Structure formats: C-alpha cells, structure tokens
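I open this notebook to record what I looked up, entry by entry. The sequence and structure come next, and my notes follow.

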Amino acid sequence: MEHKVDIRKDHKAFSHVVEPQGFSKFDFNKSYDRSNPKKSLISASSSTIFQEDSDAQTTRLYYCPMCTLVCTNSSILQEHVELHLMENGNHTEENGHDQIFARMLQEQEDQFRKAEESKTEAEEFRKLQKQYGLDNSGGFKKQHIQNMEKAVARGQMKPAEYHRRKVELMESLAAGLDDGRTKTSGLIKALYKYYHKEARDVAHVWLCAETDHYHSTDGDKGWGCGYRNFQMLLSALLKLDQYKECVQDKEIPCIPKIQAMIEDAWKEGFDPQGASHFSRRLKDTRAWIGATEMYSLLTFLKIRSRIVDFHCPTGPSGTHPRLFEWVKTFFSLDSSCVEDRWLPKVIQTSRPAIYLQHQGHSRTIVGIEQKNNGAQCLLIFDPGCPSHVMQKLLHPETVGFSLKILRKFGSGLKHKQYQIVAVDGTLTEEERQVM
C-alpha cells in the first residue's frame, strides 16, 4: 500500500531525508502540467531539489526531466531545458509541414484517380451507346445511304444505281413497308419435301407454319436482327387464319415502321421500364431490341405470347437440353395425342415460328429434328444469313448440303442464357388491357 505524506510543509523540516540518487522531488505547490511542458518543466527544474545528509552539509543537484543530465546550477538547467523545448518545437513544426504536404499529395492523387475513373466510365458509356445504337448516329435511313455512298466511292456501285436505289428506299420508307429485297419464301415447303424423301438418319421432324426468311441489309447491319426476326414471325402469322384479325390489312413493315409500332405500344403503357431504358424513342436510332420489346409489340397487336427464360445451362458442357425439349413440346402439341411409333416422319404444324434471344443476337426457330439415335437438332433461320445462301435450300440438288446452315445441335447453343418468345393464340381487348 502506498503511504501518503503531506509534503506541502516547509521542506527544511525534511532536510534530514536523503533521497536516492536519480530521484527528483518536485514542489507540488506549483503545477506540473505535461500538456504545457515549457511552463511545467521550467517550474519543475527551478524547484527540483536533491538533499543529501552528509556531515550536516546539503548538496543541491538539479536533474533534467527530459534526459539524464544532472546540473548543480538551476540557470544552466533552465537553458538546457529550453534547448530541449526549442528542438521539440522545430520537430513539431517540421512534422506539421510534412503532414500538410502529405495530405495535399493524397488529395491530388484522389482527384486524379476520380478524374480518370470518370473519364473511363464516360468512354465505356459511349461505347455501349454506340454498340446498342443509342449514340444519336442516325437510324436505318442514314446508315443505308451512307453505306451506298461508300460503295460508290469504292467503285462497287455506279452513281446511276445509287440514285435509283435511293429513290426506292425513300418510297419504301414513306409507305412504311419492307421492299422485299431480303425475303426468301417457300423454305418450309422445300424442307417438308426434302425430309420426306431424304434425311434417313432423322426419325421425326417438326416444322412450323410457312415462314419467310429476312436478312439484314446495309441499313441495319450490326443491329437489326430483332426487327428481322419480327418480320419472319409476322410473315407466318399473316398466313394463319387464327391471326388474320390481328394482322389484317398489314403487310411486312420496314424497320422504321416497326420502331414506330413499338413506340405506339409504349404510349399505351406496355413495358414502361423498357420504354424508359430507350427514353421512349426508337425511330431514327440503331437501337437493338430483344425479347421484351417483341412481347410488348405482339401484345399491342392483340397476339398472345409468352417469354420463357432459360437462365442457365441444364446439361453437360454448358448445353441447354431443356430448351430443346421445350421446343419439341411446343411444336408437337398438335400431335400430342399420337404415340411416337404412329407419328409420321415429317409433321407440318400450324404453330408460328419461335423467337430466340441470347446475348448479342437473336434468331428464329422454325423446327426441330429428332435423330434415330435420340439426338435433337433445332432448325433456325438466322437474319445474318444472306438470301443467296438461303435460296440454295429451295433446290433439291443443294438442299441437303445447305441444311447445315439451319441445323443447331446442343453443342452449338452454349450461351449462358437464352430467352424465347412463343406465340400462343390471340387476346381479347379486355385481356390486352390487363397484360
């Protein structure tokens, strides 16, 4: 236990006490404040007393409270302590300057980093805008004319042909109709004949209703696949009595007209989130469309459809066997009551084609094969395939070899996610309003 002694009495009464060397006794009647060392240390140094009892003679020693120096003179100790304080003051000032400089450098570095991040984000945003046709670089008409002008400059098109095709383009856009230059008709009929006579490795094949193929042109190359797939689907609906009321008096629209139709759907409240994404504007842009825009447009036309999402692979090596089974089920509904052994080899259904979407591209499913060994293969119209290649399917001597451009096995569909839009009847006005 610590024994407390009242040392605030006259120190002379305690002159017989001998303090061990190195121990400093301070006058507690004076304050010793470490938060103000200059004041406290000078006060302490002036009152630091060492008393030694030796033959009744007292020797005073003054100890520096900041180092091990011992002085016999208080003035010398005071000067010594002041040197300590000056030195510490200089170090504090230098440290202060260093800290300020370090903060300035850090702030400059942070500002530079933020500026670089903002620059990178802006550049990436511009790239995305350009990729998805939202950079205000013009739409179908502008791109088509620019590409024809480039062809003239390269000697690939004569000026007379340029002017003729430009006039035809303007007439087509004014009418809102596709000019039919990219259309190939009669493909499903040709496939039906081929499978009846050939393809001995195929046990069954289901084909959709007659569908025309449309491919991209100089006006929509790189972004028009969604619109071309809608033209393919609409070409099938126009041939089916069930949908004539929904699409009566309609011909295949050109891409700017399709864009206007989607905008009209947005105005009626369909897909508000999608409308906001495109700022409610598609005309005169090169904006890509996908499954949601296709669904909104079909609903706007009173056509019942549904989106089915295959959000991850369901088979080995990233394949999608469930997608293949779903397509087979969809096309075989008309013959679902018939056992497989009684099914004809070729089943021509009244089902419309199916819209197939994946990252960066969309295509149209027109049928599915089932091989003798049980393997399945989708038959797909790709809007990226030009007319002169598709027309080879119309000739008996080339159809077998050319069929490879349609066939897609499981190993050929290995994107992580797929969406399909399938048409399944019509809507009443009341049903349309609540969709």
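I began with Arg304, which is partly exposed at a relative accessible area of 29%; I count under 20% as buried, over 50% as exposed and the range in between as partly exposed, using a 1.4 Å probe and protein chains only. The model is a predicted one, so I kept local features at pLDDT of at least 70 and side-chain atom pairs at pLDDT 80 or more, whereas totals for chains, interfaces and linings use all residues. Residues are numbered from 1 along each chain as its sequence is written, and side-chain values use heavy atoms, with hydrogens and water left out.

**Entry: salt bridges**

I took a salt bridge to be a side-chain nitrogen of Lys or Arg within 4 Å of a carboxyl oxygen of Asp or Glu, and with that criterion the structure holds 19 of them. Arg304 pairs with Glu431, their closest N and O atoms being 3.1 Å apart. Because Glu431 sits in helix H14 (residues 429-434) and Arg304 in strand S4 (residues 303-310), the pair ties together parts that are 127 residues apart in sequence; helices here are DSSP runs of H or I with at least four residues, strands are runs of E with at least two, and both are numbered from the N terminus. Glu431 is also partly exposed, at 28% relative accessibility.

I then looked up Glu369, which forms a salt bridge with Arg407 at 2.9 Å between the closest N and O atoms. Glu369 belongs to strand S7 (residues 361-371) and Arg407 to strand S9 (residues 407-408), so this pair ties together parts 38 residues apart in sequence. Is Glu369 buried or exposed? At 0% relative accessibility, Glu369 counts as buried.

Asp110 and Arg113 meet through their side chains at 3.0 Å, N to O, and both lie in helix H2 (residues 74-131), three residues apart, about one turn of the helix. Asp110 is partly exposed at 23%, and Arg113 is partly exposed at 38%. I also noted a network of salt bridges that links Arg164, Glu168, Asp179 and Arg181.

**Entry: helices H8 and H10**

The axes of H8 (residues 255-267) and H10 (residues 291-300) come within 9 Å and cross at roughly 75°; axes are lines fitted to C-alpha atoms, for helices over the stretch in contact, and angles run from 0 to 180 degrees between N-to-C directions. The two helices are therefore roughly perpendicular to each other, a label that covers 65 to 115 degrees, with under 35 being roughly parallel, over 145 roughly antiparallel and the rest oblique.

**Entry: positive phi**

Arg280 has a positive phi of about 60° although it is not a glycine, and Asp284 has one of about 65°, again without being a glycine. Arg280 lies in the loop between helix H9 (272-277) and H10, and Asp284 lies in the loop between H9 and H10. Arg280 is partly exposed at 48%, whereas Asp284 is exposed at 53%.

**Entry: nonpolar cores**

I defined a nonpolar core as a set of buried Ala, Val, Leu, Ile, Met, Phe, Trp, Tyr and Cys residues joined through side-chain atoms within 4.5 Å. The largest has 86 residues, and those with the most contacts inside it are Tyr195, Leu298, Ile303, Phe331 and Leu378. A second, separate core of six residues includes Tyr62, Cys64, Leu77 and Leu85.
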